[in-house]
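I opened this notebook to record what I looked up in one structure. The entries go from the whole chain to its parts.

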Amino acid sequence: MQRPLVIVSPPIPVAGVVAQRVARRGAVEVVDLMRRGGSRPGAEGPGAIRERFLCELRGEGRVILAPTLVLRRRETRLAALDRGVVVALDFPVASLATLETRGSEAELEDARAAESLVYEEAHACLDAERLDEDALTAAVVETWGRDGVAVAAGGRSYVVEVGTGLLEPRIPEVVGRAPVVCVVTDSTVEGLHGHRVLGPIGALGRPAATYVMEPGERSKTLDSVVGVWGRAAEAGLDRGSVVLGFGGGVVTDTAGFAAATWMRGVRWVALPTTLLAMVDASVGGKTGVDLREAKNAVGAFWQPSAVVCDMDTLRTEPARGFSSALAEVIKTALIGDPDLLDLVEGSVGRIACREPEVLAEIVHRSVRVKARIVGLDEREGGLRAVLNLGHTIGHALETLGQYEALTHGEAVSLGLVAALRIGESRGATSSDLSARVIALLGRVGLPTDLSRWDLEAAARLVGHDKKRAGDRIRFVLARAPGEVGVEEIPLAELQGFVGRLG
Ligand SMILES: NC(=O)c1ccc[n+]([C@@H]2O[C@H](COP(=O)([O-])OP(=O)(O)OC[C@H]3O[C@@H](n4cnc5c(N)ncnc54)[C@H](O)[C@@H]3O)[C@@H](O)[C@H]2O)c1
Ligand SMILES: [Zn+2]
């Protein structure tokens, strides 16, 4: 299904022309909300236009032309970025003229700030003052065709692109004008896929440095970061330069942190090559490394400027890591996308064969759910807690296995089984849903048998969970596909449940 295209703009004639041209090329209709607002008698107020806009967004491929003010509210904007592809036409003089001049100075300032977020967070923002109609039309068609996932993070927003054969053509674009490029990868990824990134960089003729890590979690250390800094220093990486993290989550976490700290922060791009790095590490801006004492102990929030997920790289990902990532996919489906659950259920064979089309849809949908949730909870206020579905008991089992017996994803699979059964016992989860999800976890090769684990010991470890508040713990329960709830459960009660799960 093609998502609708949303063109937002101040009222300038070129917006209507571009919308018509793009629609004609795609043989779809234009829904023009631009003319409906304003101060004419009988015109609709902002609330009515917003309702109409949200309604139009639910449809399939179409071009929606809307005034910028429709997207000033964060919830509306996130809905548009999730369900559609948003292109903003920037024409500062016209924007200023349409910003409300009534109201206090403070209100005007708020309106301006909200307006600039519309431009920053859109899939693309095009300069309608400088570009002519042809150039604008071509750029809008291109953005719509790419169908990227927008991650809204104010001035540090970016787009996650998902598809096949993407790496080679996107390298010149993500490098941009950077005078120096630093590629961080690991030796496995370099051997299998290095040419697809290093070749195009070589062709750019720009000075480039490469830092190759040993594969695996043991390399996610400050030593590796120091290694990247060393290469950056040798190559003369300056503030305008770029770091590319090309590999699994270990590489992208390390590369992102090296970029966050080099010269107090340079631009970086993630080129994830594992399913986990695509669906989980590509949204949220978390970068960092482990200490011997604790995983992910040192880090920074530092958003990439772009993420390119090329399904071709997944063909070679080892099976265990790949199926582990499916635990996060199934978790994500339970949290926010019932169609994703249906998709995984109906494509187990195709997923196992690593068919790029089905993988691309899975990654696209997973990233959209995470982007929506993180976008609504920028400051980690609490909503993000839903992403912990399956993680409370999962973390306990991961710790029990000393991070060796179970991968994180396998632990999450068992944690999901536990959360579903606890949900059943509290009347939040139907036994049908539990049975359905547990069967699916098993079909994709994940563990579901809790009886092999020392649940008494796991129950004690749950008491150390970060989400604990006094003698209660915030626990995420599945209510229906795409619908979760957070309940504060007395710790003793939860520990009792866990102890009896086997
Ligand atoms: N930043 C975040 O929000 C976030 C989210 C989830 C996980 N993580 C982090 O991600 C890490 C785990 O990521 P991972 O599972 O990708 O581990 P990883 O990077 O260690 O990759 C797993 C293994 O697969 C190999 N590999 C990678 N891509 C390959 C390919 N295309 N073909 C063949 N082999 C390939 C690697 O060399 C490695 O041996 C953890 O450190 C975790 O903390 C971060
Ligand atoms: Zn996880």
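The entries below concern this model and its single chain in turn.

**Entry 1: ground rules.** I noted that this is a predicted model, in which local features need pLDDT of at least 70 and side-chain atom pairs count only at pLDDT 80 or more, while totals for chains, interfaces and linings use all residues. Residues are numbered from 1 along each chain as its sequence is written, and chains are lettered from A and ligands numbered from 1 in the order in which they are written.

**Entry 2: the whole chain.** I looked up the overall dimensions and found that the C-alpha atoms fill a box of roughly 70 × 55 × 45 Å along the principal axes.

**Entry 3: domains.** I listed domain 1 (5-147), domain 2 (159-317) and domain 3 (319-502); such bounds come from an automatic or database domain assignment. The C-alpha centres of domain 1 and domain 2 are 34 Å apart.

**Entry 4: a sheet.** I counted 21 helices and 17 strands in the chain; these are DSSP runs numbered from the N terminus (helices H or I, at least four residues; strands E, at least two). An open sheet of 7 strands has the order β6-β7-β14-β11-β10-β8-β9, with mixed pairing; two strands pair if DSSP finds at least two bridges between them. Its edge strands, β6 (149-151) and β9 (208-213), each pair on one side only. Within the sheet, β11 (residues 267-272) and β14 (residues 306-310) pair in the parallel sense over 2 bridges, and V269 stands opposite A306 in β14.

**Entry 5: a covered helix.** Is helix α11 mostly covered or mostly uncovered? I found it mostly covered, with 12 of its 13 residues buried; among them are G249, D253 and F257. Helix α11 (residues 249-261) reaches 18 Å from its first C-alpha to its last, close to the 18 Å expected at 1.5 Å a residue, where the expected span is 1.5 Å times one less than the number of residues. After α11 comes M263, with a positive phi near 50°.

Technical notes: Buried ≥ 20, exposed ≤ 12 C-beta atoms within 10 Å, placed from the backbone.
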